[in-house]
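Student: I would like to learn how to read a fold from its strands and contacts. Could you walk me through one with me asking as we go?

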Amino acid sequence: MTILDGKKTSDDIKNEITAQVNIMKANGEKVPHLAAIIVGNDGASLTYVGSKVKACERVGFESTMVKLPSTTSETELLNKIKELNENDDIDGFIIQLPLPIQIDTQKVLMAVDPSKDVDGFHPENFGKMALDMTTFIPATPFGILELLERYNVETKGKNTVVIGRSHIVGRPMSILMGRKGFPGNSTVTLTHSYTKNIAQITTQADIVITALGVPNYLKAEMVKDGVVIIDVGITRVKDETAEKGYRITGDVDFENVSKKASFITPVPGGVGPMTIAMLLKNTLLAREQRKYRK
């Protein structure tokens, strides 16, 4: 069994990006600039955005954090997005989700300039991804593809089961794993809350990608020997014995499933670190595209 080490792989990617940024600096070029908009004071969101800013510093990017109060209206947020769209110094930006209830998330994501949409959530970018065109792939699916590629996990002709159909992970993964090329060329089954006999389906899978958010959902009896497991789930589970009073748990019963797996991502330290690394990669791509557009 091989651990798909997202922490090590993400460090490798950050080192590669740093090397590219150093070349840009040596050539007197503008370095990539990532901005993040956060509305309100959600603790988890602030932590995520903070780690993105730190990652930018590490690789030599410029970064801007735009903090708005939770009372911000939809119009005010749309005006701020317009401002970032028109700011030539910003190469890419993200809007940290979730947004407060007074704001229509879909309307907000639609307002982002697709050429700056480094999260890959805009319908134009999602559509290009579905059509196998060059575009920004959402960071978490992009990170999963990178792990599969760097560990040379065979996907051609394999049965891939995706659990969960979110627009951020499940749906894009089902498209990407079925595309031509590597990683891809697999036969994909997308399962969700209305799927009957999920255990019957997962036992036939060569690759299981789970993004459900239910701790320890995938048990050893639900998978076959030699399965490849990608666990996107991340849930805080109360644990009095842990220093923080909780522990981070994935969708997979790691202890038992890992005994049957050929490759498996740990939680934490698997897919999570890859997400930020690929956001940086998308921002670098955005800078390169903007450079050639002028």
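Tutor: Let us begin with strands 8 and 11: strand 8 (residues 228–231) and strand 11 (residues 263–264) are paired in the parallel sense over two bridges. Strands here are DSSP runs of E with at least two residues, helices are runs of H or I with at least four, and both are numbered from the N terminus. Two strands count as paired if DSSP finds at least two bridges between them. Ile229 has Ile264 of strand 11 as its bridge partner.

Student: Before we go on, what kind of model is this?

Tutor: The model is predicted, so local features need pLDDT of at least 70 and side-chain atom pairs count only at pLDDT 80 or more, while totals for chains, interfaces and linings use all residues. Residues are numbered from 1 along each chain as its sequence is written, and side-chain values use heavy atoms, with hydrogens and water left out.

Student: In what order do the strands of the six-strand sheet lie?

Tutor: This open sheet has the order 1-11-8-7-5-6, with parallel pairing. Its edge strands are strand 1 (2–3) and strand 6 (187–191), each pairing on one side only.

Student: And what is the order in the sheet of three strands?

Tutor: That open sheet runs 3-2-4, again with parallel pairing. Strand 3 and strand 4 each have a single partner strand, so one side of each is left without a neighbour in the sheet. From one strand to the next, the twist averages 15°, an angle between N-to-C directions on a scale from 0 to 180 degrees, with axes fitted to C-alpha atoms.

Student: How many bridges does strand 2 make with strand 3, and how many with strand 4?

Tutor: Strand 2 pairs with strand 3 (residues 62–68) over seven bridges, and four bridges join strand 2 to strand 4 (residues 92–95). On the strand 3 side, His33 stands opposite Glu62. On the strand 4 side, Ala35 has Phe93 as its bridge partner, and Ala36 stands opposite Ile94.

Student: Is strand 2 mostly covered or uncovered?

Tutor: Mostly covered: seven of its seven residues (33–39) are buried. Buried means under 20% relative accessible area, exposed over 50%, and partly exposed in between, with a 1.4 Å probe and protein chains only. One face holds His33, Ala35, Ile37 and Val39, and the other holds Leu34, Ala36 and Ile38.

Student: Next, salt bridges. What is the general idea?

Tutor: Side chains of opposite charge can pair when their charged atoms come close. The rule asks for a side-chain nitrogen of Lys or Arg within 4 Å of a carboxyl oxygen of Asp or Glu. By this rule there are 18 salt bridges.

Student: Where in the chain do Arg290 and Asp88 lie?

Tutor: Their side chains meet in a salt bridge at 3.6 Å, N to O. Arg290 lies in helix 10 (residues 271–293) and Asp88 in the loop between helix 3 (74–86) and strand 4, so the pair ties together parts 202 residues apart in sequence. Arg290 is buried at 7% relative accessible area, whereas Asp88 is partly exposed at 47%.

Student: How far apart in helix 6 are Glu146 and Arg150?

Tutor: Those two are four residues apart in helix 6 (residues 139–150), about one helical turn.
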